[in-house]
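I opened the notebook today to see how this fold is held together. Here is what I looked up, in the order I looked.

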Amino acid sequence: MSMLRNLEAKLEGLVAGTFNRAFKSTVQPVELAHKLAKEMEVNKTASLSNTYVPNHYRVFLSPGDREQFASYEDSLRKELSDYLLDHARAEGLALTSRPAVDLLTDDRLALGEFGIQAQLLGDEPEIEEVEPQASEPAASADFGHTMVYSPDREARRLDGEDEVAPAAGHAARALLVGEGKRTVLSGSRVVIGRSRECDAVLDDANVSRRHAEVRQENGGWVVADLGSTNGIKVNGRRVEQARLEPGDELRVGVTDLTFELE
């Protein structure tokens with residue numbers, strides 16, 4: 001079993017990604033893998049025959065986080081590359097070459113924070129065939145922007161030397177609480193499901209691979225079903241989509257979660 005998959009196996013039964021952020025302070029390999037896969041999908045571009053995704057990624061780490069990987073950095077880079085390759089194949093996404101992952105240090109980052117840049121290199125699709133397929137612009141040939149993930153604030157975007165501040169009105173942290181675990185909802189969209197590619201993974205046979213998402217919308221938070229088999233319930237009522245208020249009870253499969261603000 002590879003190093004990264006072995007780490008995932010140790011996390012089995014826990015909610016990966018942001019759900020276990022509250023129990024550690026340093027960046028973990030499984031978190032890097034999940035967010036790299038997320039950036040791969042955010043930056044996809046469609047041609048007439050294929051959907052292309054970036055094949056070159058830069059991961060920026062705080063000095064302390066970079067140091068913890070020093071003894072096995074080369075192996076980690078390969079495992080992350082393998083993870084992205086497997087993800088692209090599983091989702092039917094096209095690559096112009098095997099994904100490459102570089103690890104770099106950025107003194108501006110605090111322990112537990114990391115940034116990701118994504119770039120499509122090589123034989124790109126013909127310009128006249130291409131149209132964007134993501135809510136954010138695809139990364140340009142010079143790594144247009146950096147997404148920074150943090151344990152205690154929503155994902156933010158860096159352009160050059162300037163940091164883009166979180167949107168006004170989201171000073172309160174949003175959380176999902178359940179099964180003795182708490183998660184901060186980082187970023188504007190958190191996907192919940194059984195697949196390890198999701199932001200929040202539930203070990204529940206009644207949960208679909210990509211079951212639901214919780215996203216920011218009009219200054220608040222909304223939960224939406226992603227075409228799951230068993231649907232979602234908010235306060236006991238089955239819904240396709242619903243605005244969340246503090247204290248709302250969310251059922252995904254047979255797992256109960258509570259939405260909270262703090």
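**Ground rules.** I call a residue buried under 20% relative accessible area, exposed over 50% and partly exposed in between, with a 1.4 Å probe and protein chains only. Helices (H or I, at least four residues) and strands (E, at least two) are DSSP runs, numbered from the N terminus. The model is predicted, so I take local features at pLDDT of at least 70 and side-chain atom pairs at pLDDT 80 or more, while totals for chains, interfaces and linings use all residues. Residues are numbered from 1 along each chain as its sequence is written, and side-chain values use heavy atoms, with hydrogens and water left out.

**Entry 1: the overall count.** I find 4 helices and 20 strands in the protein. Of its 262 residues, 50% count as buried. I then looked at contacts (heavy atoms within 4.5 Å). Of those with a separation of 6 or more, 61% join residues 24 or more positions apart.

**Entry 2: helix H2.** Which residues of H2 are buried? I list Pro29, Val30, Glu31, Leu32, Ala33, His34, Lys35, Leu36, Ala37, Lys38, Glu39 and Met40. That makes H2 mostly covered, with 12 of its 14 residues buried. I also checked its length against the expected span, which is 1.5 Å times one less than the number of residues. For H2 the expectation is 20 Å, and the end C-alpha atoms are 20 Å apart, which agrees.

**Entry 3: the largest nonpolar core.** By nonpolar core I mean a set of buried Ala, Val, Leu, Ile, Met, Phe, Trp, Tyr and Cys residues joined through side-chain atoms within 4.5 Å. Which members of the largest one touch the most other members? They are Leu32 and Leu36, in a core of 24 residues. Two or more residues come from each of helix H2 (29–42), strand E3 (56–61), helix H4 (73–91), strand E4 (100–105), strand E5 (114–119) and strand E7 (146–150). Leaving out residues up to four places away in sequence, leucine 32 touches Val27, Val59, Leu61, Phe69, Leu80 and Phe114. Apart from this core lies another, of 21 residues, including Ala212, Val214, Ile232 and Val239.

**Entry 4: over to helix H4.** Leucine 80, a contact of leucine 32, lies in H4. With a relative accessible area of 1%, leucine 80 is buried. The C-alpha atoms of leucine 80 and leucine 32 are separated by 7.9 Å, although the two are 48 residues apart along the chain. Other buried residues of H4 include Leu76, Tyr83, Leu84 and Ala88. The 19 residues of H4 should span 27 Å, and its end C-alpha atoms are 27 Å apart, which agrees. After H4 comes glycine 92, whose phi is positive, near 70°.

**Entry 5: salt bridges.** My rule is a side-chain nitrogen of Lys or Arg within 4 Å of a carboxyl oxygen of Asp or Glu. The count comes to 13 salt bridges.

- Lysine 38 pairs with aspartate 199, the closest N and O atoms being 4.0 Å apart. Lysine 38 is in H2 and aspartate 199 in the loop between strand E12 (189–193) and strand E13 (200–201), so the pair ties together parts that are 161 residues apart in sequence. Aspartate 199 is buried at 6% relative accessibility.
- Glutamate 73 meets arginine 66 at 2.8 Å, N to O. Glutamate 73 is buried at 16% relative accessibility, whereas arginine 66 is partly exposed at 23%.
- Glutamate 213 meets arginine 189 at 2.3 Å, N to O. This pair links strand E14 (residues 212–217) with strand E12, 24 residues apart. Glutamate 213 is buried at 8%, and arginine 189 is partly exposed at 35%.
- Arg189, Glu213, Arg215 and Glu217 are linked in a network of salt bridges.

**Entry 6: aspartate 225.** I found this residue in strand E15 (residues 220–225). Leaving aside neighbours within four places in sequence, aspartate 225 is in contact with His211, Ala212, Gly231, Ile232, Val239 and Glu240.
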